[in-house]
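Good morning, everyone, and thank you for making the time.

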Amino acid sequence: MSLLEQRYRFVLRMLPASYRAEREEEMVDAFLDAAEGVRDEDNVRPSLSEIASVAGLAVKTRIGGLGAPPRARVTGDAVRLFALLGLGYHAALAWDSLAAQVAALGLAEPTPEYVTTADAQWVWTTVWIAQGLVWAAAFAMLALARLRPAKVLAVTGLAAFVLTAAVSALLWPETLDWSTLAFLFATALPVVALLTAYHEDAPPVRASTPLTAAPLGVAVLYQALALTVGPRVADSPAENLGWLVPWLDPQGVATAALLVAGVVCLTRRANPALLLALAIAAAPLIAMRVPFGYIGAEGDGVQALTITMFAQAAALAVLAVALSAAAMRALPRLGALSGADQGHPA
């Protein structure tokens, strides 16, 4: 075996073992034929384009679509569902903050204390509104089965977030902390899922117009909750706020919703793809709930807030493990899954 062949076989280890068992020899022969005449003394290595193509194939075969083995298909369906949930979460956040940002510009029911007068603040507010609209549009495109525009918009939203975070960190270094990095992780993960799971072998997406309005509905419900519960919480003693506030911000509400949904799915032996998607969704929430920024801080209710957020992160971690284990146990029941390759919503 030549040195180049050894290197090609090493690169091919990125592929699943079942795929290598069927295609490795064929692929190695093709690579070596293309590099005919190369000697070990030449110390030739696989090109970056060859490595990239194998890496892309590895992602596609592990995050399976039509005709994929049951385990890969379940993984693919789970990642696609997580991408939908993640983009929906960011779209709901966008709608929720849009009203506040518009009010800050003085365009909707302005009150003197909310009307922005500083030019710099006006620019930042406009940027945040534009970002929010991009996320809302990305989710809408995915719900309408317009995959290419959805991917372009999602990447644009992520790039805009990274750019604004970088500019903010340069202007105000104290704003770059764990919460910023955690939110960046939570923002990037659904975009990566969207780009990797909706490939050419993915099952066709069934367009759903009503689904496009789901994030707006969630934002309306959240605002109703804030208007109902918010004043009561504000009147609570300061020492009680630490226990309540972590359940009322958007991440806290998402944490509560995921914990309830996860327990229900576990008790009802839900589809393994759904179990796995919820387990993936727990990861960014865990990152956002870990209160590194509050450790050692002092003040009324800070200790209670820190304990509550740690408890939320721990509960999410336990739930993610339980969901993953339940999904793995359910996989042997999926022998006939390959025959069910029909369209699904987004």
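Let me begin with Phe 31, which counts as buried because its relative accessible area is 15%, and the cut-off for buried is under 20%. Please keep in mind throughout that what we are looking at is a predicted model.

Where does Phe 31 sit, and what does it pair with? A search of the whole structure finds two aromatic pairs, and in one of them Tyr 8 and Phe 31 are stacked, with 4.6 Å from centre to centre and 5 degrees between the planes. This pair links distant parts of the chain, since Tyr 8 belongs to helix α1 (residues 3–11) and Phe 31 to helix α2 (residues 17–34), 23 residues apart. Tyr 8 is also buried, because its relative accessibility is 4%.

Phe 161 and Phe 183 also form an aromatic pair, but this one is tilted, with centres 5.5 Å apart and 55 degrees between the planes. Here Phe 161 lies in helix α6 (residues 147–171) and Phe 183 in helix α7 (residues 178–197), 22 residues apart, so that distant parts of the chain are again linked. Phe 161 is buried at 8% relative accessibility, whereas Phe 183, at 24%, counts as partly exposed.

How values were computed. Residues numbered from 1 in each chain as written. Predicted model: local features only at pLDDT ≥ 70, side-chain atom pairs only at ≥ 80, totals over all residues. Heavy atoms only, no water. Phe/Tyr/Trp six-rings, centres within 6.5 Å; stacked < 30°, edge-to-face > 60°. Helix = DSSP H or I, 4+ residues; strand = E, 2+ residues; numbered from the N terminus. Buried < 20%, exposed > 50% of the residue type's maximum accessible area, 1.4 Å probe, protein only.
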